[in-house]
Amino acid sequence: MHRVSLTEARRHMGKPYVHGSKGPKSFDCSGFSSYVFKQFGFKLSPASRMQATQGQPVAKGDLRKGDLVFFTSRSSGGAVGHVGIVVSADNSTGKFKFIHASIKGVKISENEGYYKSRYLFARRVIN
């Protein structure tokens, strides 16, 4: 994703999580990703399960900034339940950081612990 859009995503750091919220004062996870992409003319579904069908599949070892990463959640029963936007990736180690609207608000997380065990796949919407 273009660097400017990651700057746009970071502008919302700390904004509160509200289920079903599409921004810009508060967000849920898919509301956040769809809002950020919309600022640059890309239409993403407002639902993470639908966003998971948009764009092209990306191998975990080929992640780059702006890719969407998808996770299960405690309530999704193994299906897509959460989405974030990659802000950095070390493809030699498989580690990456992503910005997302979490229960604690918009923040940057690493794919460690909770998120590492719930990672499903990635999609690239912007080539």
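I take contact to mean heavy atoms within 4.5 Å. The model I am examining is predicted.

**Entry 1: isoleucine 85**

I listed the contacts of isoleucine 85, leaving aside its neighbours within four places in sequence. Its partners are Leu6, Phe32, Ser33, Val36, Phe37, Gly66, Asp67, Leu68, Lys97, Phe98 and Ile99.

**Entry 2: nonpolar cores**

I then turned to the largest nonpolar core, which has 20 residues. Ile85 is among those that touch the most other members, together with Phe32, Leu68 and Ile99. I noted that helix 1 (3-10), helix 2, strand 2 (68-71), strand 3 (82-90) and strand 4 each give two or more residues to this core. Helix 2 contributes the largest share, 5 residues. I also found a second, separate core of 10 residues, with Val58, Val69, Phe71 and Tyr119 among them.

**Entry 3: the largest pocket**

I recorded a space of about 570 Å³ for the largest pocket. Its lining comprises 27 residues, of which Tyr17, Ser73, Gly81, His82 and Ile103 are the closest to the pocket centre. By class, I count 12 polar, 9 nonpolar and 6 charged residues in the lining. At least two lining residues come from each of helix 2 (29-38), helix 3 (48-51), strand 4 (95-102), strand 5 (105-110) and helix 4 (114-118).

**Entry 4: isoleucine 103**

Is isoleucine 103 buried or exposed? Its relative accessible area is 74%, so I class isoleucine 103 as exposed, the cut-off being over 50%. I located this residue in the loop between strand 4 and strand 5. I also checked aspartate 28, which lies 75 residues away from isoleucine 103 along the chain, and their C-alpha atoms are separated by 8.3 Å.

Methods. Residues are numbered from 1 along each chain as its sequence is written. This is a predicted model: local features need pLDDT of at least 70, side-chain atom pairs count only at pLDDT 80 or more; totals for chains, interfaces and linings use all residues. Side-chain values use heavy atoms; hydrogens and water are left out. On a 1 Å grid over the protein atoms alone, a cavity is a set of points where a 1.4 Å probe fits but cannot get out, and a pocket is an open set with protein on both sides within 12 Å along at least five of seven lines; lining residues have an atom within 4 Å of a point. Grid points are joined across faces, edges and corners, and a volume is the space filled by probe spheres set on the points. Helices (H or I, at least four residues) and strands (E, at least two) are DSSP runs, numbered from the N terminus. Ala, Val, Leu, Ile, Met, Phe, Trp, Tyr, Cys and Pro count as nonpolar, Asp, Glu, Lys and Arg as charged, and the others, Gly among them, as polar. A nonpolar core is a set of buried Ala, Val, Leu, Ile, Met, Phe, Trp, Tyr and Cys residues joined through side-chain atoms within 4.5 Å. Buried means under 20% relative accessible area, exposed over 50%, partly exposed in between (1.4 Å probe, protein chains only).
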